[in-house]
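Open your viewer and get ready to click along. We will take one stop at a time.

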Number of protein chains: 2
Amino acid sequence: MNRNHHFTISAFAEASLLSIKALRLYDELGILPPALIDPDSGYRYYHPDQLGRARLIRQLRQLEMPLAIIRGVLEGSPAEAVAQVQAHWASLQQQMQVARVLVPDVIASLKGENPMSAFHIEIKTTAAQPVLSRTKHVYVDGLDSFIQNSVTELKALAVQQHAVVSGSPFGIFHGQINDESNGPLQVCLPLQAAVPGSDELPAGKLACVTVKGSECDFPNILKAYDAVADWITRHGYQMAGSPREVWHAMERGSEHMSIEWPFND
Amino acid sequence: MNRNHHFTISAFAEASLLSIKALRLYDELGILPPALIDPDSGYRYYHPDQLGRARLIRQLRQLEMPLAIIRGVLEGSPAEAVAQVQAHWASLQQQMQVARVLVPDVIASLKGENPMSAFHIEIKTTAAQPVLSRTKHVYVDGLDSFIQNSVTELKALAVQQHAVVSGSPFGIFHGQINDESNGPLQVCLPLQAAVPGSDELPAGKLACVTVKGSECDFPNILKAYDAVADWITRHGYQMAGSPREVWHAMERGSEHMSIEWPFND
DNA sequence: TCTTGACTCTCCCCTTTGGGCAGGGCTTAA
DNA sequence: TTAAGCCCTGCCCAAAGGGGAGAGTCAAGA
């Protein structure tokens, strides 16, 4: 068991409450290399001082922190490490918040209740709409800043082109945007008349729902999308394009948006 | 876009907020097969009525429910489905409870504080100990019942063999026990003298810590293991075998156990 | 009717965190 | 010396898709 007071891999596994497989992996990834490797046999020998690091890794894994981030925690200063753990903890809590909202909905819909009916759907028939727009692939983390920047930029462009803005800015979600999927998102500013460089959205019908306050936050907002999609299909129509999110007001505490989805008969 | 009012895969992806890749996977797994597959081209066409199921799958995936369990939710009765969602929600909450306990510890130890010192370590020197025992590979879910049954069985065996029980029952964790790892666990009943069928644990020194109440619950109990392992190595000793958990009292509200770890110089 | 561009298909490889096993070497105690 | 127990590397596997190649399909404009 002892080779100059070193642990064999199985003894170290037992002491650290990690598995042998995990230890070999952490060696390979360089986040917990053994203190000593016999060059002849390739046997791994661990020093008792490595138990603290092993224990930390075990605890972070128990928090489902990815090894890539654990590496950062181990390499950074204590202050950075604490910050990363806290950031991870915050994301766990946020995921939990999502679940807290979602679970009652799922259970209600499994029971046959219909939470969609809580939303009031309106129909709008629109003429062709000239818009200035910016389109980009973006993940959730870059979403807010892309929207802010684009709206600011488009408003400036409208002024420069002497174009008259005819409504609230909105975004067309051509693909989902989340941690893994990145749109694209087309941020639009509606105009009274076309100008050079403007696009034109086709005329058509929109199914709309308006939400305010906390209903605008993720993941609650998905309920509004579902309600609109549900309404369209339940009335025998078909979706005809990507859904839009109209930003009437986005100040903290008084958010006000609409979800609008094109459809046809 | 419409082939007898069916969605193409990309239209359905957009309406359901799922990705095309996911839809193809759900088809392959049989949990969301398209309403129609063109036998010539292999193209998938979805019916609007399938949106509800798609939405449900999306929501359950957002709760990180595995597809295998989602299949069960979809196939079972509404009551069963609700029960499975609630069970999943309970496990999410439990995982969160683990994190709530672990995070402050991790942060404290990153800051260089030492929560181990909160435990009082005692040293015991034991003679060879005859025991009746039962050893088994078992996962967490079977843990409690295996312990209960084994202790009951061993006590009956002791009576039958006219052996005198000399202490509280305990378990030797030869390997970790959790969702993926299954021990083995050796449940032991200490005897005053050997009888036929009894084993003998070797004499030696034990580092011990006693915990009560909520400190006995997972994951808090891991802190006690860490504290003992830490004490042993910090004092220049080595662990000599697997840790033991002595069950002095296990009634709800008045749990009382010791963690004992053999070591040598 | 043909072409072109967008859409879709299948097939294969990649990710992450290990678990499980095979074949072979190492160590140690009897 | 031999057998048992450890340990090594290397390979395949899981879940839930993402990414891309190469080939076939669809629909709209010329």
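A residue is called buried under 20% relative accessible area, exposed over 50% and partly exposed in between, with a 1.4 Å probe and protein chains only. This is a predicted model, in which local features need pLDDT of at least 70, side-chain atom pairs count only at pLDDT 80 or more, and totals for chains, interfaces and linings use all residues. Residues are numbered from 1 along each chain as its sequence is written, chains are lettered from A and ligands numbered from 1 in the order in which they are written, and side-chain values use heavy atoms, leaving out hydrogens and water.

Start by selecting residues 51-62 of chain B, which form helix 3. Helices here are DSSP runs of H or I with at least four residues, numbered from the N terminus. Which residues of helix 3 in chain B are buried? They are Leu51(B), Ala54(B), Arg55(B), Leu56(B), Ile57(B), Arg58(B), Gln59(B), Leu60(B) and Gln62(B). After it comes Glu64(B), with a positive phi near 60 degrees.

Next, show DNA strand D. A residue counts as near the strand if one of its heavy atoms lies within 4 Å of it. Among the 20 residues around it, Arg24(A), Lys21(B), Tyr26(B), Tyr43(B) and Pro66(B) come nearest.

Now zoom in on Arg61(B): an N or O atom of its side chain is 2.9 Å from a phosphate oxygen of DNA strand D. Finally, color helix 2 of chain B, which gives 4 residues, the largest share of the surface near DNA strand D.

Terms used: A polar contact is a pair of N or O atoms within 3.5 Å; within protein, one must be able to donate a hydrogen and the other to accept it, and residues adjacent in sequence count only if both atoms are side-chain atoms. Helices (H or I, at least four residues) and strands (E, at least two) are DSSP runs, numbered from the N terminus. The expected span of a helix is 1.5 Å times one less than its number of residues.
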